[in-house]
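Here are some short notes for a colleague who is new to this model. Please read them beside the structure.

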Amino acid sequence: SVVGSSVGSSGAAVVSPGRTSERLATVVSSLTSVTVQPASDAAMMESVKRMLKNDKHQEVAKLAKYYESEKDEFIRAQLLRIFARHECANMLNVEQVITDAGSDNEELRDYAFQALGYIKHDRVHDFALNLVKEDNHCLDVISMLTQNYQKKDHDILIHLVHKLPVSYSSGEWHGAFMDVLNMFGIRVESTENGYHIPGNQRYVAPNKMQAQGDWSNAAFFLCM
């Protein structure tokens, strides 16, 4: 077992938020070969990347498995923080992530939605369509549908993109742009100063797609 927790009257583990980073570092260090000091999520993600680079997928899978059994929402949120917005999110239990997406804990809910945007699973696709009916989480639904794209989703995605507010400060347009790139197999990494697109990548269409008509392309001929 991982040290640093106690059990409350409800039977769930209780961890002081101030000790979350310390306990998370203990979890990562005890389940993997990486020694991690309490640090930012960026440092934690670098540890996961190193494990993947060194072909230690089994160690990352241990963290994903531990996420399922962790009762404390603070710790579970931090574990999702490691997996969110990364392809290794596919190692997570999709039902547990969907459950956490409905949590009252805002941090846990936000990281769950970020992770769902990287998980390829029919259950995620169905969950996204239910959110469309509820007219909720527009940007998150775009992420989930682009990751699990089906031909019938075309009109839904166009409708959702039109609903996004035109605001560069909110990051929603950037998020939609990265989701489309990801749908075509292009990986985009968030950095402190913006975004980084690694080189030597190839665009691969997920399916036969039809580009929407655009009058701006006709402007040159109409003005001749």
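How many of the 11 residues of H4 are buried?

1. H4 is mostly covered, with 8 of its 11 residues buried. Buried means under 20% relative accessible area, with a 1.4 Å probe and protein chains only. Among the buried residues are Ile 75, Leu 79, Ile 82 and Phe 83. Helices are DSSP runs of H or I, at least four residues, numbered from the N terminus.

2. A word on the source. This is a predicted model, where local features need pLDDT of at least 70 and side-chain atom pairs count only at pLDDT 80 or more, while totals for chains, interfaces and linings use all residues. Residues are numbered from 1 along each chain as its sequence is written, and side-chain values use heavy atoms, leaving out hydrogens and water.

3. Look at the start of H4. A side-chain oxygen of Asp 72 comes to within 2.9 Å of the backbone nitrogen of Phe 74.

4. Next, the partner helix. The axes of H4 (residues 73-83) and H6 (residues 106-116) come within 9 Å and cross at roughly 30°. These axes are lines fitted to C-alpha atoms over the stretch in contact, and angles run from 0 to 180 degrees between N-to-C directions. The two helices are therefore roughly parallel, a label for angles under 35 degrees. On the H4 side, the contact includes Arg 76 and Leu 80; on the H6 side, Leu 108 and Ala 112. Contact means heavy atoms within 4.5 Å.

5. Now Asp 100, in helix H5 (residues 94-100). Asp 100 counts as buried because its relative accessibility is 2%. Its contacts include Arg 76 and Leu 80, as well as Leu 108 and Ala 112.

Notes:
Buried < 20%, exposed > 50% of the residue type's maximum accessible area, 1.4 Å probe, protein only. Parallel < 35°, antiparallel > 145°, perpendicular 65-115°, else oblique. Polar contact = N/O pair within 3.5 Å; in protein donor to acceptor, adjacent residues only side chain to side chain. Lists of a residue's contacts leave out its neighbours within four places in sequence.
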